[in-house]
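These are my notebook entries on one structure. I wrote down what I looked up, term by term.

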Amino acid sequence: MGERRGRGSGRWRSAGRALLRVITVWGVSTLTLLALAAILPDFQLQSADGDSVTRTALTAAWGAGVFGLLSALVWPLVVRALLLVPALVLGLLAFFLNGSLLLVALWLIPDGRGVAGPETAVVVAAVMSAVASATSTALAVRDDDAYRRRLYRLTDRKRPRPPQSGGGGPVPGTVFLQLDGVGHRVLTDAVADGRMPTVADWLTTSHTLTPWRTDWSSQTGASQLGILHGSNEDVPAFRWYEKDTGRLMVSNRPASAVELQRRAVERTGDGGLLTLDGASRGNLFSGGADQLALVLSMAARRGPRNRSRSGYFAYFSDPANAVRTAGSFVNEVVREMFQSTRARLRRDTPRVSRGGLYPFVRAFATVVERDVVVAAVMGDMLAGRTAVYADLVAYDEVAHHSGPRGRDTDQVLARLDRSLALIARVAEHAPRPYRIVLLSDHGQSPGQTFEDAYGLSLKELVRAGCGLPVSRRVRRTRSGSEARDAARDALRSALHRPVDEAGEAGRDGAEAAAVAAAKAPEPVVLASGNLGLVSFPGVPHRMTREEIDRLHPALLRTLAQHPGIGFLLVASEEHGSVVLGRDGAELPVAELAELAEADRLDGRDGLDGLDGLDALDGRDGPAAVAAGDPLAVFGPGAAAAVLRTDGFPHVADIMVNSMYDPATGTVHAFEEQIGSHGGLGGDQAHPFLLWPRELTPPPAPLVGAEQVHEVLRGWLRECEGPQVPLENSPSQPHAEAFLPADRPAVPDKNG
């Protein structure tokens, strides 16, 4: 009886505190409304003849109360109805929708005493929402129960029952947080400089840090597919051309993403890392999770199963969240405009264009995506989910245009650290303990763009080397002029070679090759950071070196000899495949395999610590390398990465990796990026993995995204019972059930 009475008394005290908080927020909102009415000329709470102070205060209280009710009851319904609106537009609409609710609240005030213009209503509503949210949060922070209830409400979750282990204690869950594009060196430097105190505290008290090495394709599409689905086979780059289908694959297009995920599931026969009670947030791929938000492979869905946009609802259903994010969005746009203007005035180099829509793209990545993903992760923890994988892309987006290091990216890292601190704080209120694993999918390497350095793009260089028409601007560059001269001389030499030197058949063959080159479709030249791909769509198979030389005699020599290019990979009738470098350097596939095996046996294909990274980059590694090895400067592990890609069915006819300067760590991106990734060279190939010390350490060296997947699977299994299905993984015929689309994917515009 006494225990029942105690519980009843506790409920009454809780209800009393809640009522007190409501009254306090109402009172603060009323005072805010009065202050705004006194400040803003187009906003009034009095009749035309004037009112007493008491009557004005009652009018303000009425307006504040109605606005609060509308925000609590109507706003979530409006947001749910607008889920089909793009997130960027939804964030901008937040101000105007909130202002509309205020106009409705003022209209409901008796005797028409509340009047405001549309522009003023937007301002008043934004201030009211921010003040109410701040007051409610400040009051709840002092009450753990209230704080938990507020978190559950904001993330749209009900209080779950904690999962129990066999011993009676709660089973820990795991949250994987991916800091997109943050390399190992960048993270350690940010920690050392005090820009990421949360990560510094983890390293001091609970976590361990190690680098890992990516595959040749050091970009999110390949890395995240391997991490989440256990296979990134046949992903040669961020974008590539497939001859068998005539399709251009681009990792960040929905139709391409769903196809890549389908292939990975078919190869592995498993749904992915998150198939059991998992959540995927802000990723390219689902990982087999049922709970999804901002997952690109979901965007190709049609019908009721497309729930990716529903992740917005939990966040934007709170008008204060919507207004805060919209305000931060505008602030980020202004910040980018200021920073880009400052870079131009200071004549910073290297530098790329940051105009057009880029300020809005940056603001979406650094504000909207971050806020929605962080809120979704908080909700997943409060819901007690077993495994969560989330990608925060803010740093990667800014580093592409501002460079991997500098004031711009330092500010982004500091804000990401605050997001990590918030997630860690919410984990303390979750119904089960959580282990937070921090990782990245690749790093970034700085450097001037290829076009900025040499006056022409890779595509223009290829066209010149093929003898195809190029612009006058390209012909005036040294690279373009040399390439055109080489192509012209090679063709002239082949066509006018004396009969006694080559024979009549040789001359006829050269003439036929010249005719074929003139009629052949133009080569498809694609860029993925500092990795370039050249494909000849008129030839159904992968062309060999000998075939390319017959079709375009000067092309391979032009590319291999260019100072901005590190090496080429082409098939060869004589050697199977061969790596070509400057000054006639060649590395046949057999020697490539020997180098890869030597690196593996020596343990040099990946090393722990910063000194190990220096060796991997060729900075402090042994100076004595095999003569004529074009891969030597790229360090141990490069041979194995190139050899693996050489076996992909959709590898390009010519794979082009830019130069790499080990003294400065710079590369040349083949697209408009001064911080790039996608190929070999520098920090781009060395992301990090930071894990709680109670977990089993990963193997050293840790090489490739597929091996990272195995490490993460093992950590999930370290909970009681397997957290990723082992015996019940779907077989090949049934793997389709784990795909993110149950209807044909929507084709890309180029597919």
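The entries below go from confidence to helices to salt bridges.

**Entry 1: ground rules.** I am working with a predicted model, in which local features need pLDDT of at least 70, side-chain atom pairs count only at pLDDT 80 or more, and totals for chains, interfaces and linings use all residues. Residues are numbered from 1 along each chain as its sequence is written, and side-chain values use heavy atoms, with hydrogens and water left out.

**Entry 2: confidence.** I looked up pLDDT, the predictor's confidence in each residue, from 0 to 100. The protein has a mean pLDDT of 78, and 65% of its residues reach 70 or more. I then noted residues 606-627, where the pLDDT is below 50. That stretch has 49 contacts in the model beyond near neighbours in sequence, a contact being heavy atoms within 4.5 Å. Over residues 725-751 pLDDT also stays under 50, and the model has 58 contacts for them beyond four places in sequence.

**Entry 3: two helices.** Helices here are DSSP runs (H or I, at least four residues), numbered from the N terminus. I looked up H8 (residues 197-205) and H15 (residues 407-427), whose axes come within 7 Å and cross at roughly 55°. The axes are lines fitted to C-alpha atoms over the stretch in contact, and angles run from 0 to 180 degrees between N-to-C directions. Angles under 35 degrees count as roughly parallel, over 145 as roughly antiparallel, 65 to 115 as roughly perpendicular and the rest as oblique. H8 and H15 are therefore oblique to each other.

Which residues meet there? From H8 I listed Pro 197, Thr 198, Val 199 and Trp 202, and from H15 Asp 417, Leu 420, Ala 421 and Ala 424. The residues of this contact divide into 6 nonpolar, 1 polar and 1 charged. In this count Ala, Val, Leu, Ile, Met, Phe, Trp, Tyr, Cys and Pro are nonpolar, Asp, Glu, Lys and Arg are charged, and the others, Gly among them, are polar.

**Entry 4: salt bridges.** A salt bridge is a side-chain nitrogen of Lys or Arg within 4 Å of a carboxyl oxygen of Asp or Glu. I found 31 salt bridges in a search of the whole structure.

One of them joins Glu 259 and Arg 262, at 2.6 Å from N to O. Both residues lie in helix H10 (residues 254-268), 3 residues apart, about one turn of the helix. Buried means under 20% relative accessible area, exposed over 50%, and partly exposed in between (1.4 Å probe, protein chains only). Glu 259 is buried at 14%, while Arg 262 is partly exposed at 24%.

In helix H12 (residues 319-345), Glu 332 and Arg 335 are 3 residues apart, and their side chains meet in a salt bridge at 2.2 Å, N to O. Glu 332 is buried at 2%, and Arg 335 is partly exposed at 23%.

Arg 354 forms a salt bridge with Glu 336, with the closest N and O atoms 2.9 Å apart. This pair links distant parts of the chain: Arg 354 is in the loop between H12 and helix H13 (358-382), and Glu 336 is in H12, 18 residues apart. Arg 354 is buried at 9%, and Glu 336 is buried at 0%.

I also noted a network of salt bridges, with Arg 342, Arg 362, Asp 408 and Arg 415 among its members.

**Entry 5: one more arginine.** Buried or exposed: which is Arg 263? Arg 263 is buried, at 16% relative accessible area, and its place is in helix H10. Leaving out residues up to four places away in sequence, Arg 263 touches Asp 234, Glu 242, Met 249 and His 650.
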